[in-house]
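Trainee: Could you pick one part of this model and give me a close look at it? I'd like the backbone first, then what surrounds it.

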Amino acid sequence: MAVATFERGPGTLKVSYELHVENRARLVQAMREKGHAAGAVALRGGDQAQRYSTDNEPLFRQESYFHWAFGVLEGGCFGTVDLASGKSTLFVPRLPEEYAIWMGAIEKPESFKARYLVDEVKYADEFAAHLKECEKVYALKGVNSDSGNATEGLGSAESSMGDKLDASDAFFNVITELRTVKTAREQEVLAYASKISSKAHVEVIRSLKPGMMEYQLESLFKHVCYSQGGMRNESYTGICAAGKNGATLHYGHAGAPNASRIKEGDLVLMDMGAEYHCYAADITTTVPAGGKFTPDSKIIYEGVLAAHQAVLKALKPGCAWLDLQRLAERQILQALVAGGFLTGDIDEMMEKRVSATFMPHGLGHHLGVDTHDVGGYGLPGTPARSTEPGLKNCRTAAILKEGNCLTVEPGCYFIDVLLDKALADDSDIKQYFVKDRVNACRSMGGVRLEDNLVVTADGCVSWTSVPRTVTEVEAVMAGASWP
C-alpha cells in the first residue's frame, strides 16, 4: 500500500502530501477570489532531458510550479485542478512494457492516486482530450523576474484549445503570489533543509585546513547533506571561494570550478545549500583558513556580521526590503570608516551609493521551491525595481508579509573592477576611499554571511545554525562542539 509521504529513510523528515493538497486548495480559493471560478487551471510538469545528442540522462528534477501543486517525482506528467469542485487530476505517462525491464515495475493509476493524494489519475495521452471538456483552461503564462525566462505553458496541448484557453498572466500571478507565503507544512520542510545544510557547513568549517582544495569542501558538504539528511540535490552550484576568489560573487561555475588550493591566511567564503523535496536551503559562511582572523579580515567580518544582525533584529511584517538593504549598507560603511578604509560623512556616502562598490548585490531573496524563489518583481501592486547602484540588484523590493521565507546575506568584497572604477581620476566618490588601505586588502576577496528565515507575526525566526561570531568561528575551527 502506497504511503502518502515523502521521506528518505530513518532520521529524515516525513513530508505529508497533504502539503500539496493544501496548496491546491489555496490555489482554488485565490483564483475564485480573483473572479476565476469556472474552468480549470492546468500545469505541465518537467520532462526528462538528455545531455546534448547522447543517451545520458541527467538526474530529473521536477518543474517548480508543478511540484508546488502536486509534489510528483516523475517526469512527463500534467495536472489540472477544477475551480468549481476543487477536483485534482494527475496525468502520468503511459509506459511501454519494456520500461519494466530497465526502469522497474510500471505503476498503476490507482497507486499514483494513493501516493500523491489526487482525486483522479489518467494518462498523459488523455490530457488534451480532458482539456477540451473543460469550460475554460488557465495556462501558466508569465516571466520569472530572476532569470527573465518565460514559463512553457502547456506545450502542444494548447494548439487545439481555441477560445477556451486563457493565456493571460492571471493564473501565473495568483500562483506566484501564493508561493511567496509559505504554509506551516512548507516551512517545516524549509527548516529541515536549513538544519541539515547548517550541519554540513559546520562539518566543512571544522575540517578546513590550508593546503586543501576548494572542491574538497564542496565534496564534504554534499556528502553530509546526502548521507545524513537524504538530500540528493544541491539547491544550486556550490561556491567554495578562497582568498581573492571570494570577490567573484558566483564563483564555482564551470569556468571557475572550486579548483584552487587554499592558502594560509585566506578567507574562505562558502555559499552552499541542499534541497529536500525540492525545498531549498541557501547558507553562506566565511572563515579564516588558518583558524584565526587577521586584524583586517576581522574588521570586515565583524562589519558584515553587524549588518547581518541588525537586519535580523529589524525584520518584521511591514518592512520594506530596500530599507533593510540600506540598513545593512550603513552598518558596513560604518565598519569601513572605523577600520580606516573609508573617510568622510556616511550620509553622503549613502547618497552617492559608495556602498555599492563593496556590496553590489542585494540583501537576499525569496526562498522556497527555488533558491531564488519566485515573486520578487512583477506582481500587481508590488514595488518596482530600483535603478540605483546596488539597489537595482535586489531580487525583490517587497513589503514583507508574515509567512515570507527569505535569505539575509549582506556582504563586503574587494572587487577589482569596482575598486578601479571608484578610485579612477574621474570618479565622483574617490575622495571617500583610503587608497592604500583598500588596495592592501584586494587579495582578501570578501565576506558574506547568509541565513534562511521566516517572517513571523512580530519579527523573524532564522533556521540557520552555524558559528557566526569571531569567537564561535575560531572555537569551532579549533575543535569545539557546535552548537
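Mentor: Let's go to Cys278, which sits in the loop between strand S12 (274–276) and strand S13 (279–280); strands here are DSSP runs (E, at least two residues), helices are H or I runs of at least four, and both are numbered from the N terminus. Bear in mind that this is a predicted model, where local features need pLDDT of at least 70 and side-chain atom pairs count only at pLDDT 80 or more, while totals for chains, interfaces and linings use all residues. Residues are numbered from 1 along each chain as its sequence is written, and side-chain values use heavy atoms, with hydrogens and water left out.

Most residues other than glycine have a negative phi, and most peptide bonds are trans. Cys278 counts as buried because its relative accessibility is 13%; buried is under 20% relative accessible area, exposed is over 50%, and partly exposed lies in between (1.4 Å probe, protein chains only).

Asn258 is another non-glycine residue with a positive phi, near 50°. You'll find Asn258 in the loop between S10 and S11, buried at a relative accessible area of 0%. Asn245 also has its place in the loop between strand S10 (239–242) and strand S11 (267–272), and at 19% Asn245 is buried too. Its side chain makes a polar contact of 2.9 Å with that of Glu214; the term means N or O atoms within 3.5 Å, where within protein one must be able to donate a hydrogen and the other to accept it, and residues adjacent in sequence count only if both atoms are side-chain atoms. Not counting residues up to four places away in sequence, Asn245 touches Glu214, Tyr251 and Ser260, contact being heavy atoms within 4.5 Å.

Now the core. Met270, Leu90 and Phe433 touch the most other members of the largest nonpolar core, which has 120 residues; a core is a set of buried Ala, Val, Leu, Ile, Met, Phe, Trp, Tyr and Cys residues joined through side-chain atoms within 4.5 Å. Helix H7 (residues 184–207) gives this core its largest share, nine residues. Beyond four places in sequence, the contacts of Met270 include His201, Val204, Ile205, Ile283 and Val287.
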